[in-house]
Amino acid sequence: MKSHHVRCILLATTILSPGLLFAQFNPAETSASQIQPNRPQQQTPSTPSLQDSGPNSGDVGQVMQDKMFLRKAAEGGIAEVKLGQLAAQKGSSDDVKALGQKMVDDHTKLSLDIAQVADSMGVMLPKSMNKEDQAEYDKLNALSGNDFDIEYLSFMVKDHHKDLHAFRMEAASPTDPALHNAVVKAQSVIHDHTVMIDKLARAKGIPVPVHGEHKPNPAPPL
């Protein structure tokens with residue numbers, strides 16, 4: 001009697017088990033349960049770090065100007081050193097050789113100051129001369145004797161008057177105190193270079209800008 005009762009229970013379980021299994025594994029319900037939790041993930045939240053990475057004041061234009069200045073100053077410093085090395089080697093007069101070596105020494109120091117400021121401001125600096133300075137280097141490298149001296153001094157006159165103007169403009173408006181100090185220091189050195197170069201150029205009959213021609217003009221409105 002007991003064995004008959006057990007068989008009945010097993011038979012009933014066997015008959016009902018497909019339904020129970022189907023109730024436990026409903027593909028429609030499983031699909032819905034898998035899709036529903038993922039719906040909120042389809043909306044990508046905004047990233048505060050990207051939105052807040054830049055300045056939030058009206059100084060954005062000036063900050064970008066400072067960074068552009070640092071990059072151009074770095075390129076110019078590289079050129080001064082490379083061209084100075086060339087002049088120290090190929091100059092036909094002692095004055096040009098001495099000037100070339102002074103450019104190497106002074107602009108190496110100024111470039112280190114610029115690099116420190118750029119690092120503190122998170123600015124990546126170029127590692128080589130720009131195309132214009134590279135073209136001048138190639139031109140000088142093909143010259144010798146007095147032709148080299150004339151070309152080198154002519155380029156130095158133009159380059160230093162332009163740089164002096166740029167540094168004076170930047171000294172009047174940078175937002176970063178460390179940048180301001182570096183610019184003022186460099187401006188003084190470049191001024192001394194300009195006076196020295198103009199004197200050597202005049203002795204060679206090379207025209208130089210008249211006094212005050214390189215004074216900064218008012219900055220254009222942003």
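Q: By class, how many nonpolar, polar and charged residues does the lining of the largest pocket have?
A: This is a predicted model, and its largest pocket has a volume of about 740 Å³. A total of 32 residues line that pocket. Sorted by class, the lining has 15 nonpolar, eight polar and nine charged residues.

Q: Which residues are the closest to the centre of the largest pocket?
A: The lining draws two or more residues from each of the helices H4 (60-90), H5 (94-120), H6 (131-141), H7 (145-171) and H8 (177-203). Of the lining residues, the closest to the centre are Phe69, Lys72, Ala73, Ala166 and Phe167.

Q: Which element gives the largest share of the lining of the largest pocket?
A: Several helices contribute two or more residues, among them H4 (60-90) and H5 (94-120). The largest share is eleven residues, and the element that gives them is H4.

Q: How many helices does the protein chain have?
A: Read along the sequence, the pattern is α-α-α-α-α-α-α-α. There are zero strands, and the number of helices is eight.

Q: Among contacts between residues at least 6 apart in sequence, what percentage join residues at least 24 apart?
A: The protein chain has 222 residues, of which 31% count as buried. Among contacts between residues at least 6 apart in sequence, the share joining residues at least 24 apart is 76%.

Q: How far from Asp163 is the nearest side chain of opposite charge?
A: Asp163 lies in helix H7 and is buried. Leaving out residues up to four places away in sequence, Asp163 touches Glu80 and Ile190. A salt bridge needs a nitrogen-to-oxygen distance within 4 Å. Asp163 has no salt bridge, and the nearest side chain of opposite charge, Lys162, is away by 4.9 Å.

Q: Which residue has the nearest side chain of opposite charge to Asp66?
A: Asp66 is found in helix H4. Asp66 is buried yet has no salt bridge; at 9.2 Å, the nearest side chain of opposite charge is that of Lys67.

Q: Why does Pro207 count as exposed?
A: Pro207 lies in the segment after H8. Exposed means over 50% relative accessible area. Pro207 counts as exposed because its relative accessibility is 70%.

Q: What distance separates the C-alpha atoms of Pro207 and Val157?
A: Along the chain, Pro207 and Val157 are 50 residues apart. In the model, their C-alpha atoms are separated by 8.7 Å.

Note on methods. Residues numbered from 1 in each chain as written. Predicted model: local features only at pLDDT ≥ 70, side-chain atom pairs only at ≥ 80, totals over all residues. Heavy atoms only, no water. 1 Å grid on protein atoms, 1.4 Å probe; cavity = no way out; pocket = protein on both sides within 12 Å on 5 of 7 lines; lining within 4 Å. Points joined across faces, edges and corners; volume = space filled by probe spheres on them. Helix = DSSP H or I, 4+ residues; strand = E, 2+ residues; numbered from the N terminus. Nonpolar A, V, L, I, M, F, W, Y, C, P; charged D, E, K, R; others polar. Buried < 20%, exposed > 50% of the residue type's maximum accessible area, 1.4 Å probe, protein only. Lys, Arg positive; Asp, Glu negative; His and termini not counted. Contact = heavy atoms within 4.5 Å.
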